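Please open the viewer and keep the selection tool at hand. This tour moves from one selection to the next, saying at each stop what is there.

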Amino acid sequence: MESTVVRCADGHVFSATTFPMQQAERLGPGRLVRCPRCARLRSVVPVTLQKR
């Protein structure tokens, strides 16, 4: 399984083991995933990691 780093609507960054429907471009990048910090279903988007 792949791990994807995501950011929830409240700004919490965490990794999700599978990012559902990641290839469905017509739906946009956001998905509903349960945030471990909020303990609620939140809209999340993938985080682009910057190289230093």
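The stops below take in a pair of strands, a turn residue, a charged pair, a core and a serine.

Before starting, note that this is a predicted model, in which local features need pLDDT of at least 70 and side-chain atom pairs count only at pLDDT 80 or more, while totals for chains, interfaces and linings use all residues. Residues are numbered from 1 along each chain as its sequence is written, and side-chain values use heavy atoms, with hydrogens and water left out.

Begin by selecting residues 31–34, which form strand S3; strands here are DSSP runs of E with at least two residues, numbered from the N terminus. The covered face of S3 holds Arg31 and Val33, whereas Leu32 and Arg34 lie on the uncovered one. Leu32 has Ser43 as its bridge partner in S4.

Next, select Ala39, which sits in the loop between S3 and S4, a hairpin with six residues between its strands. The phi of Ala39 is near 60°, a positive value in a residue other than glycine. Most residues other than glycine have a negative phi. Ala39 is also exposed, with a relative accessible area of 52% (exposed means over 50%, buried under 20%, and partly exposed in between, with a 1.4 Å probe and protein chains only).

Now show Arg42 and Asp10 together, which form a salt bridge whose closest N and O atoms are 3.2 Å apart. The two come from distant parts of the chain, 32 residues apart, with Arg42 in strand S4 and Asp10 in the loop between strand S1 (4–8) and strand S2 (13–16). A salt bridge is a side-chain nitrogen of Lys or Arg within 4 Å of a carboxyl oxygen of Asp or Glu, and a search of the whole structure finds one.

Which residues make up the largest nonpolar core? Select Val6, Cys8, Phe14, Ala16, Val33, Cys35, Cys38 and Val44, eight residues in all; such a core is a set of buried Ala, Val, Leu, Ile, Met, Phe, Trp, Tyr and Cys residues joined through side-chain atoms within 4.5 Å. S1 and S2 each supply at least two residues of this core.

Finish at Ser15 in strand S2, which is partly exposed at 48% relative accessible area. Not counting residues up to four places away in sequence, Ser15 touches Ser3, Thr4 and Val5, contact meaning heavy atoms within 4.5 Å.

Notes. Helix = DSSP H or I, 4+ residues; strand = E, 2+ residues; numbered from the N terminus. Pairing = 2+ DSSP bridges.
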